[in-house]
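Please look at the protein chain shown here before reading on.

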Amino acid sequence: MANLESGPQGLTRRPSRSAATTTFSTEVFDNEVVPSSLATIVPILRVAKEIEHERPRVAYHCRFYAFEKAHRLDPNCSGRGVRQFKTWLLQRLERDNASSLASRVKKTDAREIESFYQQYYEHYVRALDQGEQADRGQLAKAYQTAGVLFEVLCAVNKSEKVEEVAPEIIAAARDVQEKTEIYAPYNILPLDSAGASQSVMQLDEVKAAVSALSNTRGLNWPGAFEQHRQRAGDLDLLDWLRAMFGFQRDNVRNQREHLILLLANAHIRLHPKPEPLSKLDDRAVDRVMNKLFKNYKTWCKFLGRKHSLRLPQGQQEIQQRKLLYMGLNLLIWGEAANVRFMPECLCYIFHNMAYELHGLLAGNVSIVTGENIKPSYGGDDEAFLRKVITPLYGVIEKEAKKSRNGKAPLSVWCNYDDLNEYFWSSDCFSLGWPMRDDGDFFKATRDLAKGRKGPQRDSGSTGKSYFVETRTFWHIFRSFDRLWTFYILMLQVMVIIAWKGISPEDVFKKDALYDISSIFITAAFLRFLQSILDLVLNFPGYHRWKFTDILRNLLKIIVSLAWLVILPFFYVHSFKGAPDQLKHMLSFLKQVNGVPPLYIVAVGVYLLPNLLSAGIFIFPMFRRWIENSDWHIVRFLLWWSQPRIYIGRGMHESQFALIKYTIFWVLLLGSKFAFSYFIQIKPLVKPTKDIMSIHRIAYEWHEFFPEARNNYGAVIALWVPIILVYFMDTQIWYAIYSTIYGGFVGAFDRLGEIRTLGMLRSRFQSLPGAFNTYLVPSDKSRKRGFSFSKRFAE
C-alpha cells in the first residue's frame with residue numbers, strides 16, 4: 001500500500017464519469033453526507049478529518065479503509081446515494097495519494113501508522129485519563145479514535161504482510177478496548193464505573209434507584225453469562241432479564257436509564273419525604289408501577305383474565321419482584337420496534353412473559369419435562385427479537401405490501417389498528433405461548449410460506465375485527481346520520497308549518513300536531529336506510545364477524561323494517577281523510593278499546609330508546625360508568641347499540657363542558673332554522689302554490705313530462721337551490737359563532753397581551769410559575785377558580 005498500485009487504482013471496476021457529476025462540498029463530504037446504509041464508516045471518516053493536518057498519510061489510509069469497508073457493505077451500490085459517495089471518495093483518494101506519500105515520515109505505511117498510534121496513545125489518551133477529574137466526553141472520543149486507528153493499523157499490516165506487531169501496541173490496544181467498554185455511550189446517566197463521580201450520579205434519588213436495581217439476591221444466573229461481571233457484582237436486575245429472555249444489550253442499557261429516571265422522579269416527589277432519602281421508597285415503586293401497568297390491567301379486566309403481576313409472600317422480595325415486572329415491560333417495549341403501534345399486542349406478550357417470570361422465580365416444575373420452567377423462547381442472544389418480534393413484524397410487512405402504497409382498497413389490507421384489534425378479544429389467547437404458527441393472526445405469512453412450496457395463490461389476511469372502511473359517498477350520510485336525519489326532519493316540519501299556514505301558537509293543536517307527527521315515518525325510513533348501510537359497508541369484514549355481530553345487524557334491519565310498516569299503517573288508520581276502502585281493510589284495529597290512538601302509542605314506543613339515550617347524554621358520568629362497566633347485564637344492554645370495543649370507552653367530556661357545548665349548538669341551530677324558515681322556506685310557499693294552480697301546460701319535452709297537469713319542472717327548479725343552501729349553510733353559521741366564542745375565550749385568556757419585547761422580558765420572572773402550573777404534572781388537585789387575571793408564583 002506504499003505506492004499507488006496497492007491503492008484505489010488496483011480496483012477492477014472504475015466508476016463512470018456520469019456518476020461523478022453530482023457536486024458534494026468537500027468540507028462536509030467526509031462525515032456529513034454518508035449514506036444511511038454506510039453509517040458504520042462515519043467514525044473512520046471523522047478520525048481521518050481530525051488527523052489529516054498532522055499526519056496526512058494516516059488520514060489517507062483511514063479513508064482507504066473506509067472505502068474498502070463501504071465496498072464490503074454495499075458492493076453493488078444498491079443503497080441510495082452509495083454510488084455517488086463511493087465515487088467521490090475514490091476521487092479524493094486519487095487526489096491525496098501522491099501528496100500524502102510525500103509527507104510520510106517513516107519508511108513504510110505500517111510503520112507510519114504504528115508510530116502515530118503509539119504517539120497518540122502515550123501523549124494524548126494517557127494525558128486525558130486523569131481519573132475522576134477527566135473530561136468524560138473527550139476521553140470517550142479519544143478511546144474511540146484510538147480504536148479506529150488500531151483497526152486501520154491491522155488492515156495495513158495485513159496488506160503489507162506484516163506478521164508481528166510490537167508488544168506495547170498490543171498492550172495499548174487491549175487497554176483501549178477495555179476502556180471503550182467502560183466509557184460506553186449513554187443518554188443522561190453515566191451508569192458505568194467511570195461515571196460514578198458525575199454530579200448527576202450523586203443525587204440521592206438516583207442512588208436509591210440504582211441501588212434497588214442492583215439487588216439481585218435470590219436470582220439464579222446462567223453459568224455462561226458474563227462470568228467476569230458476575231464475579232465483580234456489576235450485574236443488575238435488567239441484566240438478569242436479558243440473560244433469561246434474550247434481550248439486546250443496547251436495549252437493556254437504554255431501558256435501565258429509563259427505569260432509573262422514572263423511579264428517581266417518583267421518589268423525589270414523595271410527600272412526606274422518605275427517610276432515608278438514599279433508599280428507594282415502596283410508594284415510589286407503586287406509583288411508577290401503577291402508571292406502567294394501567295393499560296395492561298384494564299386490558300386483562302376487559303378480557304376477563306387475571307393479570308400476571310403476582311407478588312411473593314415475603315416483604316423483602318416484593319420490591320424486587322415489582323422492579324422485575326417493570327423492567328420486563330420496558331424491555332419488551334424498547335425492543336418492539338413498529339409493534340409499539342399495537343399496544344394490546346404488547347400486553348399479550350407481557351402477559352405470557354410475566355407468567356413465565358413468575359414461574360422462574362417461584363421454581364415451578366414443568367409437568368411435561370419434570371424440570372424447572374424455562375422461558376419458551378430461551379435466553380439466547382437477541383432471542384426475543386428473532387423469535388417474538390420478527391414473526392409479528394412479518395405480518396405487518398405482508399399487510400403493508402397488500403396496500404400497494406395506499407392504492408389498494410382499505411378493505412383488503414390491515415393497518416396497525418386493524419391488527420391490534422385482534423387482541424381486543426379473548427380469541428387472541430388461542431395463539432398460545434409460544435405462539436402457534438397456525439394461528440389466525442399469522443394467516444397471511446403462513447399462506448405465503450405454503451405458497452413457496454406449492455402452487456402460487458393469493459395469501460390470506462388476518463382480517464379486520466370491528467370496522468372496515470369502504471370508499472363510497474354513502475359515508476357522507478352514514479358517518480353523520482344523526483345530523484342528516486335531524487336536518488331532514490326539521491325541513492319537513494318547517495315545510496308543513498309554512499304550507500298549512502300554522503302560526504306558532506297553533507303548533508300544538510290537534511290537527512297541526514297530527515300533520516307534524518308524520519316526521520316519525522320519515523325517521524323510520526332513514527333508520528332503515530342506515531341499518532342497510534351498516535350491513536353493506538361493513539360486509540368486506542364479514543369473515544371476522546361473530547354470530548352475535550351478524551345477529552345484531554340482521555335484527556336491526558328487521559326491526560327498522562317493521563317500524564317502517566307499522567307507523568304508516570297506524571298513521572293512515574287514524575287519518576280522517578283516509579280512503580274508505582283502506583279504513584275497511586284496517587277495521588280490525590277498532591277492536592282495541594280503552595287505549596289511546598295507536599299511532600301515538602307506536603310513536604311513544606318508537607321514541608323510547610332515543611329518550612333513554614338523551615337521558616344518558618345529559619349525565620356523562622353515568623354514561624362513562626356504563627361504557628366502562630364489565631358487568632354482563634350492562635354488556636347485554638349495550639349489545640344492541642354498539643359493539644363492545646376496548647378503545648374509546650368512557651371518553652366523554654365533563655358536565656360543564658357538555659353544558660357549554662349544548663348551549664353553543666342550540667344557539668347555532670336556532671339561528672340556522674329561524675333564518676331558513678323566515679328567509680328561505682316561507683317566502684317560497686305562495687309562489688309554489690301559484691305555480692301549482694296552473695293546470696293548462698303543454699310541455700314540448702313530453703317524454704320527460706307525459707300528461708303533466710302541473711308545472712313540476714318550475715317547482716323543482718325553484719326549490720332545489722334552497723334545499724342545497726339549507727343543507728350547506730351550517731358551516732357559515734359555525735364560522736360566525738366560533739369566531740364570536742373564540743373572541744370571548746381569547747379575551748378572557750388575555751391572548752395578545754404581550755405585544756413588545758419589553759413586555760415579554762417583564763414576564764420572565766413569572767414564567768417558571770406558569771410552567772409549573774400548566775406543564776408539570778402534579779398529584780395534588782388544585783382549585784380552578786374563575787378570574788380575569790393570571791398570577792403565578794415567582
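The points below are grouped by topic.

This is a predicted model, in which local features need pLDDT of at least 70 and side-chain atom pairs count only at pLDDT 80 or more, while totals for chains, interfaces and linings use all residues. Residues are numbered from 1 along each chain as its sequence is written, and side-chain values use heavy atoms, with hydrogens and water left out.

**Overall make-up**

- The protein chain has 32 helices and zero strands, where helices (H or I, at least four residues) and strands (E, at least two) are DSSP runs numbered from the N terminus.
- Of the 794 residues in the protein chain, 39% are buried; buried means under 20% relative accessible area, exposed means over 50%, and partly exposed lies in between (1.4 Å probe, protein chains only).
- The protein chain exposes about 47,600 Å², of which carbon and sulfur atoms supply 59%; accessible areas come from the Shrake-Rupley method with a 1.4 Å probe, and for residues only the protein chains shown count as cover.

**Salt bridges**

- Side chains of opposite charge can pair when their charged atoms come close.
- The count comes to 21 salt bridges, each being a side-chain nitrogen of Lys or Arg within 4 Å of a carboxyl oxygen of Asp or Glu.
- One of them joins the side chains of Glu-50 and Lys-141 at 3.2 Å, N to O. Because Glu-50 lies in helix α2 (residues 42–51) and Lys-141 in helix α6 (residues 136–159), the pair ties together parts that are 91 residues apart in sequence.
- Glu-50 counts as partly exposed at 38% relative accessibility, and Lys-141 counts as partly exposed at 42%.
- Asp-109 forms a salt bridge with Arg-57, with the closest N and O atoms 3.1 Å apart. Asp-109 lies in helix α5 (residues 109–128) and Arg-57 in helix α3 (residues 56–73), so this pair ties together parts 52 residues apart in sequence, and both Asp-109 and Arg-57 are buried.

**A nonpolar surface patch**

- Phe-617, Ile-618, Phe-619, Phe-622, Trp-625, Trp-631, Ile-633, Phe-636, Leu-637 and Tyr-661 make a nonpolar surface patch of about 1,200 Å². Patches are made of residues with over 30% relative accessible area and no salt bridge, like charges being joined within 9 Å and nonpolar side chains (Val, Leu, Ile, Met, Phe, Trp, Tyr) within 5 Å.
- Helices α25 (598–618), α26 (620–628) and α27 (632–639) each supply at least two residues of the nonpolar patch, and α27 gives the most, with three residues.
- Leu-637 has its place in helix α27 and is exposed, with a relative accessible area of 61%.
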